[in-house]
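Here is a short report for a first look at this structure. Keep the sequence and the 3D view side by side as you read.

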Amino acid sequence: METRFSRCQHLVMAISIAQITDLHLLADPEAALRDCVTTARAAGGFWCFGKRSPDLLLLSGDLSEDGSPASYERLRDWVEELVCPAIAIAGNHDQPQCLAEICGRSPFINESVYTVRAGESSRWTHTSPNELMAG
């Protein structure tokens, strides 16, 4: 007996989504945060993705500890080496405008950055780079 599910079964496909969170990158790639050289640790994670890129990469804050352009440029360079789209979600340590200016283009999806407002963790706010620069 054919069911609605069996008719659609050939349409089902698997995708891989990887999430990296709380990188806490610093401007100085040799600097440590709580005895951890965050750049070295993050580079190791991105190196693993280089062996098999996910279909989508979700980068959730805190991507930078100091909100420095250098930390976001390093992140952008790692993402550009992968062959997958990415979504960046700014955290409380991030500078959303700086993140959007540096990472707000391909391979980042929709040329946008997503932020969570403090105290409103259940509400997501979509912020495009143009809105950040205008406001």
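Where in the chain is the place of Val 37?

## Val 37 and its loop

Val 37 lies in the loop between strand 1 and helix 2. Note that the model is predicted. Val 37 has a relative accessible area of 30%. Buried means under 20% and exposed means over 50%, so Val 37 counts as partly exposed.

Leave aside its neighbours within four places in sequence. Val 37 is then in contact with Pro 29, Glu 30, Ala 31 and Ala 32. His 24 is 13 residues from Val 37 in sequence. In space, the C-alpha atoms of Val 37 and His 24 are 9.6 Å apart.

## The chain as a whole

The chain has 135 residues, and 41% of them count as buried. Its secondary structure comes to five helices and five strands. From the N terminus on, the order is α-β-α-β-α-β-α-β-β-α.

Residues 24 or more positions apart account for 69% of them.

## The nonpolar core

In soluble globular proteins, nonpolar side chains tend to be buried together. Here the largest nonpolar core has 23 residues. Leu 23, Phe 46, Leu 57, Leu 59, Leu 63 and Leu 75 have the most contacts inside this core. Six elements each supply at least two of its residues: strand 1 (17-21), helix 2 (38-51), strand 2 (56-60), helix 3, strand 3 (86-90) and helix 4.

Leu 23 touches Thr 38, Ala 42, Phe 46, Asp 62, Leu 63 and Leu 75, not counting residues up to four places away in sequence. Phe 46 sits in helix 2. Is Phe 46 buried or exposed? Its relative accessible area is 5%. The cut-off for buried is under 20%, so Phe 46 is buried. Phe 46 and Ile 20 are 26 residues apart in sequence, yet 9.2 Å apart in space, C-alpha to C-alpha.

## Helix 2 against helix 3

Two packed helices are described by the angle between their axes and the distance between the axes. The axes of helix 2 and helix 3 cross at roughly 15° and come within 10 Å. Angles under 35 degrees count as roughly parallel, so helix 2 and helix 3 are roughly parallel to each other. Helix 2 passes helix 3 in a right-handed crossing.

Which residues meet here? From helix 2 come Thr 39, Ala 42, Ala 43 and Phe 46. From helix 3 come Arg 74, Leu 75, Trp 78 and Val 79. By class, this contact has six nonpolar residues, one polar and one charged.

## Helix 3 against helix 4

Helix 3 (residues 69-81) also packs with helix 4 (residues 96-103). Their axes are 9 Å apart, at an angle of about 40°. Helix 3 and helix 4 are therefore oblique to each other. Their crossing is right-handed.

Helix 3 brings Pro 69, Tyr 72, Glu 73, Leu 75 and Arg 76 to this contact. They meet Cys 98, Leu 99, Ile 102 and Cys 103 in helix 4. Seven of the contact residues are nonpolar, none are polar and two are charged.

Note on methods
Residues numbered from 1 in each chain as written. Predicted model: local features only at pLDDT ≥ 70, side-chain atom pairs only at ≥ 80, totals over all residues. Heavy atoms only, no water. Axes fitted to C-alpha atoms, helices over the stretch in contact; angles between N-to-C directions. Helix = DSSP H or I, 4+ residues; strand = E, 2+ residues; numbered from the N terminus. Parallel < 35°, antiparallel > 145°, perpendicular 65-115°, else oblique. Left-handed = near helix turned anticlockwise from the far one by under 90°. Contact = heavy atoms within 4.5 Å. Nonpolar A, V, L, I, M, F, W, Y, C, P; charged D, E, K, R; others polar. Core = buried A, V, L, I, M, F, W, Y, C linked by side-chain atoms within 4.5 Å. Buried < 20%, exposed > 50% of the residue type's maximum accessible area, 1.4 Å probe, protein only.
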